[in-house]
Amino acid sequence: MEAASVLSSSSTYSFSVSNMLLSSYSTSKPHVGFVFNFSGSRLLFSSSSHHHSNSNSNSGRLSLLRPSALTVEEAVEGHSTDTFSVQPKIDKSGRFCSPRAARELALMTIYGACLEGSDPVRLFEKRLNIRREPGYEFDKEMLMKYNHMSFGGPPVKTETVEEADELLKTDENESEIEAEVLSAPPKLVYSKLILRFTRKLLVAVEEKWDSHVLAINKVAPDNWKNEPAGRILELSILHLAMSEISVLGTRHQIVINEAVDLAKRFCDGAAPRIVNGCLRTFVRDLEIAKDARVNQSLFT
């Protein structure tokens with residue numbers, strides 16, 4: 001039967017990853033709901049904005065977590081390079097081993113901590129130590145099917161109902177894979193190196209949170225600052241990237257590219273372009289401040 005159907009290439013999932021992220025982490029399958037409550041949320045800006053956004057604005061966008069085999073080639077522990085190459089996303093132990101996976105895990109943790117009003121490092125450690133359900137087994141074949149580089153895109157037009165059904169079926173299958181991977185105990189999904197890197201990122205975010213609130217307040221557009229409740233994902237990406245640049249010392253070209261990719265995956269509209277602009281302004285300000293300190297030291 002001939003028909004015309006328009007499907008979003010980045011939506012149609014019934015599973016919301018937000019439910020998993022914001023649960024108590026008391027079980028290895030935390031598919032439970034949550035209350036979106038900003039009374040305890042972490043401060044994202046220094047300005048006193050009103051938090052009246054719809055609770056579904058972020059949870060809907062976080063229902064598309066599809067992470068990647070294409071990653072930045074860099075040594076996670078203290079070294080980095082701006083050379084891009086394809087890395088295996090699974091190591092010999094059958095776990096994610098790419099820095100992209102660490103950044104996604106850190107982003108999800110920051111996002112959950114903002115909504116819960118909790119410490120991201122403590123939330124991360126809490127999830128690491130969750131107890132598995134009796135008889136629970138994780139199918140590691142799911143990791144090879146989990147796509148780190150699946151970005152949202154414009155609506156897809158189909159000519160027939162059959163094509164539309166096929167796209168819906170594909171989305172449902174990918175949703176099931178994501179649900180299985182992202183709800184599994186992290187120690188079964190991520191390598192030890194990636195878990196250590198994730199914790200380093202979160203410690204850096206926690207250390208620089210207050211100063212980066214001020215930095216973000218300088219570079220973010222007014223519409224983000226006026227409604228931060230609807231931009232938690234975008235602001236979390238900025239916190240994560242700024243902390244990796246300023247604390248861990250990763251080359252800013254790498255961090256900005258990764259942040260833009262995260263925005264493409266988990267945000268909408270002009271977010272990738274705005275994230276790019278905000279971070280480039282942040283790096284420029286860091287370099288200006290550094291030059292000023294050097295000049296001052298020469299005359300003292």
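Figure 1. Ser-183 counts as buried because its relative accessibility is 1%, and the cut-off for buried is under 20%. The model shown here and in the other views is predicted. Ser-183 belongs to helix H6, which covers residues 161-183. A polar atom of the Ser-183 side chain lies 2.5 Å from the backbone oxygen of Ala-179. Ala-179 and Ser-183 are both among the buried residues of H6. Others in that list include Ala-164, Asp-171, Ser-175 and Ile-177. The end C-alpha atoms of H6 are 32 Å apart, which agrees with the 33 Å that its 23 residues should span at 1.5 Å a residue.

**Figure 2. The whole chain, for orientation.** The protein chain has twelve helices and four strands. It consists of 300 residues, of which 50% count as buried.

**Figure 3. Arg-103 and its partner Glu-244.** Arg-103 lies in helix H3, residues 99-116. With a relative accessible area of 2%, Arg-103 is buried. The side chains of Glu-244 and Arg-103 form a salt bridge, with 2.8 Å from N to O. This pair links distant parts of the chain, since Glu-244 sits in helix H10 (residues 232-248) and Arg-103 in helix H3, 141 residues apart. Is Glu-244 buried or exposed? Glu-244 counts as buried, at 1% relative accessibility. In general, side chains of opposite charge can pair when their charged atoms come close.

**Figure 4. Arg-103 and its partner Glu-258.** A salt bridge also joins the side chains of Arg-103 and Glu-258, at 2.9 Å from N to O. Here too the pair links distant parts of the chain: Arg-103 is in helix H3 and Glu-258 in helix H11 (residues 252-266), 155 residues apart. Both Arg-103 and Glu-258 are buried. The side chains of these two residues are also joined by a polar contact of 2.9 Å. Which residues are linked in a network of salt bridges? The network is made up of Arg-100, Arg-103, Glu-244, Glu-258 and Asp-261.

**Figure 5. Helix H10 and the residue that follows.** H10 has 17 residues, and 14 of them are buried, so the helix is mostly covered. From its first C-alpha to its last, H10 reaches 23 Å, close to the 24 Å expected at 1.5 Å a residue. Gly-249 follows H10 and has a positive phi, near 75 degrees. Glu-244, the partner of Arg-103 in a salt bridge, is in this helix.

Figure 6. Helix H8 covers residues 192-219 and has 28 residues. How far apart are its end C-alpha atoms? They are only 35 Å apart, short of the 40 Å that a straight helix would reach at 1.5 Å a residue. At Trp-209, H8 bends by about 70 degrees.

**Figure 7. Val-189 in helix H7.** Helix H7 takes in residues 186-189, and Val-189 lies in it. The relative accessibility of Val-189 is 0%, so this residue counts as buried. Val-189 and Met-142 are 47 residues apart in sequence, while their C-alpha atoms are 9.7 Å apart in space.

**Figure 8. Arg-284 and Asp-285.** The side chains of Arg-284 and Asp-285 meet in a salt bridge, with 3.5 Å from N to O. Arg-284 counts as partly exposed because its relative accessibility is 45%. Asp-285 is partly exposed as well, with a relative accessible area of 25%.

Figure 9. Phe-299 is found in the segment after helix H12, which covers 271-298. Its relative accessible area is 73%, so Phe-299 is exposed; the cut-off for exposed is over 50%. Together with Val-294 and Leu-298, Phe-299 makes a nonpolar surface patch of about 370 Å².

Methods: Residues are numbered from 1 along each chain as its sequence is written. This is a predicted model: local features need pLDDT of at least 70, side-chain atom pairs count only at pLDDT 80 or more; totals for chains, interfaces and linings use all residues. Side-chain values use heavy atoms; hydrogens and water are left out. Helices (H or I, at least four residues) and strands (E, at least two) are DSSP runs, numbered from the N terminus. A polar contact is a pair of N or O atoms within 3.5 Å; within protein, one must be able to donate a hydrogen and the other to accept it, and residues adjacent in sequence count only if both atoms are side-chain atoms. Patches are made of residues with over 30% relative accessible area and no salt bridge: like charges are joined within 9 Å, nonpolar side chains (Val, Leu, Ile, Met, Phe, Trp, Tyr) within 5 Å. Accessible areas come from the Shrake-Rupley method with a 1.4 Å probe; for residues, only the protein chains shown count as cover. A salt bridge is a side-chain nitrogen of Lys or Arg within 4 Å of a carboxyl oxygen of Asp or Glu. Buried means under 20% relative accessible area, exposed over 50%, partly exposed in between (1.4 Å probe, protein chains only). The expected span of a helix is 1.5 Å times one less than its number of residues. The bend at a residue is the angle between axes fitted to the seven residues ending there and the seven starting there.
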